[in-house]
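Please look over the sequence and the model shown here before reading on.

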Amino acid sequence: MSEGMNDGQRKIVETSEGILVVDAGPGTGKTFTIKHRYMNLVRQPGITPSDVLLLTFTRNAAQEMRERIIDAMMEEGRKEQAMLVQASTFSSFCMNVVLRHPEAVNRFLGVKEQLSRSARLVQNESMNREFFRQVYYETVNSDPEAYGRIPAIIGSDFKDVYEVVKKLMSLGTLPLRKGWFGEGEDILRGDPDWIIKELKALNRPAKNGNPLVKELKKKVKEHKVWPGLPMQALVEAVPLHMIDEAADHDRDELFRFIHDVYLNFIRRSIATNRLNYGLLELFAFIILYSNRRARKEHSYRYMMIDEFQDTNELQFMIALLVLKDPNLCAVGDWKQGIYGFRYASIQNITEFEERIRHLHALLNHDEERVPFSLPPVIRLPLTENYRSHPDIIMASFSALYSPGSKNESIDKEWLDRNVTFLEAKNDQVCQRGRVDFLCADNEGDQYDAILDKALEYLQDPEVLIAEGDGYRRARLGDIAVLLRSGNSARALKARAEERGIPAYLEGDMEVMSTREGKLLLAWLRFMENRHDPRALATILDNEGCSLTAIERFDDEESLELQDLRIRLQEQRTLLLSKKRRISALISAVFDYYGLENDICQSIVGLLSSLHRETLASMNDIIRLLEHDIKEGTIYPLEKSLQSDAICIQTMHSSKGLEYPIVIAGRIDASSMPNTRRDRTDLVLDRRLGLRMKKEYHDDNGMHRTYDDWRWYLLSNLNKNDMDEERRVFFVSLSRAKQYLCLSCHKPSEFFHHVSKGRDQGRPSGSFENPAAATEERGPRPPSPRSPPRKRRHSSHELAGKTVPAGGKGKEYGRRVHAAAEMLALGQEPDEDLDELPRIREILYSLKEARLMTEVECFLPLQGATIRGAADLVAVFPDHVEVHDFKTDGNRRNEDAYRVQVSVYAHAATSLGLPVRCFIQYLSQGITVEVDVAPLEELQRRADALGTCNDI
């Protein structure tokens, strides 16, 4: 069992009992260790997969973990148990809890609105923000005098309130009909004693005068702070009564305002069966906290949580509530905690002992909800890195000690105590690799320098990539360029296109802020109003029209623009004809410009999904596009299918990935580290509490908003440190396996610290087009064979060929499937089809179930993974039903269909309930329940397919 493990991995695998915190740095074999620890658990007498829960944060990570464990179990002949493996995301687990016990939510909150099993998760954050905006204004307008000047100070900037509400949700703080649950009041008030202590320490005379007094007088003089502040009291120090007031002045009106907006948001969400991620987890917590039966139904003897640095306090409490015994393994790396803006808390790792004691006591304060006492916490590190060259490891850890500015001091003692340094253990990688530094003249020159450096790696005979037991020459597909912002990533991609260098964008990007997004917005506005001046300006500018031509476009007597007017009107007419089919409409805009790329595909997918999920109108979509462009909203871009092209990503998107060659670009002052200041008017901090940065005064009949002098004093305790930026820097550098390059044109302190003056300047010489260079070098020598990858097949391939079955054709079948999906989502289809009455009957018979449409399924087998999409999955409290829709005129293909739905059935066993399968012959009005094919039959079919679909 311990074969192939190092000492650290072995100790973690064999420590099966207790509360365990694993420090798993980059490249230390974390997934390998989790898999073997899981297998060690289920090999023990009396422990089955039903006793163990694995949780992580992305579907890909959860699926990969589940596949690896299932493969290992099947190799040991545990085929029946393999299908009981429970590995999921936090959100999937919470959705299962909420939809099994929705009635517990309104019971706990004491509200009349009732959540049902039809609740849906809306993933689009822009639409969630729009929904909150409506609730916010409804609350404010319901009683304009109820909250004093607070709505006037906040104005139209409801987003600050939304962020406060999201943070409160992440802390497990929620409003009741009267007052707050749990620590709500304390969290809002903060820690006044600590504030007074810290302000007194700063409130001392200095060589150039007391800094608090000096800056406060300056703000009063500049009329940024209310001029009525008693200046005569500000001499050598801020008076103690002002410090006391700043620490704990009356904010009850503000607390009541946030309470009411938050509670109304919850009530409206319940009434409309609408969840976002924060509410989903909050409702799961409410159910587990308040319902003993739910805790028993969702309890586990062992739990492992991956990426624990990405958890928040609410998720930590949910984990404790579902544990039967004190067997929690938290695996993570605080150095890779880069999601503070999503309210993840690295203190869940760095202060684990203190936090688990606090949460344990909080959850058990009035009754036993966590049914065990806490044993001593065991901390075990993984210390051997199998990914990177020693120089890259050294550069990565140096990033953690990088000052953000010349004046910033680093707490090196804390870092020395908390950083687990890694030893390079991949001998093959250790023999070939290096770290380079380049500095260009300006921003545009830097993009060229980055691309030249990429080509230099390809053409340098000393740059060899480890593969199998040997080495090969570098390819473009080995290279990733990581940048701090999406704007920089798009600029580099555009420059690569100009130079003919294959490259693609991947990860989170400001998709709607691209040319594609802005053109789509212009056409949608033009479609709604052909005289819209902003829409016309964008469209005509892309037609190459001058400013004069744009101004004269609507002049019918302008004959030279007549052809263009006709062409644009024809396109507008075409778009209007596709208005009810949003994906076809968007595609028609991109087709007009001959655009077909990853950004176009992403926009079509995002807006089509949004239209299905929320019944968004055209005006809703226009508003969403306008908001996303203004705010720079990020969305994920799907991985490109290009096999040999440079990958361009943001640094945040690179987390969890690795590349043979990494170029970390734009390590420039003001770019990396990012020094943008917080511009919100509301602040929620564990120690400072809930604060407003502005206050409202009536100066001789003139109403004006000023900076709140209390917040100015407190802001001295809320310094904008660079810790998370250092962690982003660490993550980006540690993605590299063999070759790493840092580039800049105006080097930041981060660049200076890591490079230590080793600036090599930008690459010199000429660099050939990659395709031409490959041809001249001739074919590459064969490299050692890589380990075989798992084959992937579709469920249709597994089922084999079908024969004509007297149906109405594939196109008609697709239309029926689309209509069925719309009906299941509560929407009315665009066209009237003969099968609709039958679909409505089926859906009505499933009204007590939670319905999921077009459910992506993955079934891991030995040597292969089968994938497909189930038309409809109905989740009942005691079983699951899989329904497959067919428009065949006869049942000649039923054996093949049985194989397809069997794949979905085995995948659905991950829900932990018995599964039944039905083929719905819609055109014939027949329902056939089929027996699920055993895994052995599916394995034989997969083996027979061989390697024809190897990827």
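Is Cys917 buried or exposed? Cys917 counts as buried because its relative accessibility is 1%, where buried means under 20% relative accessible area, exposed means over 50% and partly exposed lies in between, computed with a 1.4 Å probe on protein chains only. This is a predicted model, in which local features need pLDDT of at least 70 and side-chain atom pairs count only at pLDDT 80 or more, while totals for chains, interfaces and linings use all residues. Residues are numbered from 1 along each chain as its sequence is written, and side-chain values use heavy atoms, with hydrogens and water left out.

Taken as a whole, the protein has 951 residues, of which 55% count as buried. Its secondary structure comes to 40 helices and 30 strands, these being DSSP runs numbered from the N terminus (H or I over at least four residues for helices, E over at least two for strands). Among contacts between residues at least 6 apart in sequence, 76% join residues at least 24 apart, a contact being heavy atoms within 4.5 Å.

Another cysteine, Cys744, also counts as buried, because its relative accessibility is 0%. A search of the whole structure finds 0 disulfides, a disulfide being a pair of cysteine sulfur atoms within 2.5 Å. Cys744 is accordingly in no disulfide, and the nearest cysteine sulfur, which belongs to Cys439, is 3.4 Å away.

The next part to follow is an open sheet of 6 strands, with parallel pairing and the order β3-β2-β6-β7-β1-β8; two strands are taken to pair if DSSP finds at least two bridges between them. Strands β3 and β8 (378-382) stand at the edges with a single partner strand each, so one side of each is left without a neighbour in the sheet. From one strand to the next the twist averages 20°.

Within this sheet, strand β2 (residues 52-56) is largely enclosed by the rest of the structure, because 5 of its 5 residues are buried. In a regular strand the side chains alternate between the two faces of the sheet. In β2, Val52, Leu54 and Thr56 point one way and Leu53 and Leu55 the other way, and all are buried. Strand β2 is joined by 4 bridges to strand β6 (residues 302-305), the two running parallel, and Val52 has Tyr302 as its bridge partner in β6. With strand β3 (residues 87-89), β2 pairs in the parallel sense over 3 bridges, and there Ser88 of β3 is the bridge partner of Leu55. Helix α5 (residues 90-100) lies across β2, β3 and β6, running at about 90° to β3, where angles run from 0 to 180 degrees between the N-to-C directions of axes fitted to C-alpha atoms, for helices over the stretch in contact.

Strand β1 (residues 19-24) pairs with β8 in the parallel sense over 5 bridges, and Leu382 of β8 is the bridge partner of Ala24. Helix α1 (residues 7-14) lies across β1 and β8, running at about 145° to β8.

The axes of α25 (residues 515-528) and α31 (residues 618-631) come within 10 Å and cross at roughly 145°. Their contact includes Leu520, Leu521 and Leu524 of α25 and Ile621, Ile622 and Leu625 of α31.
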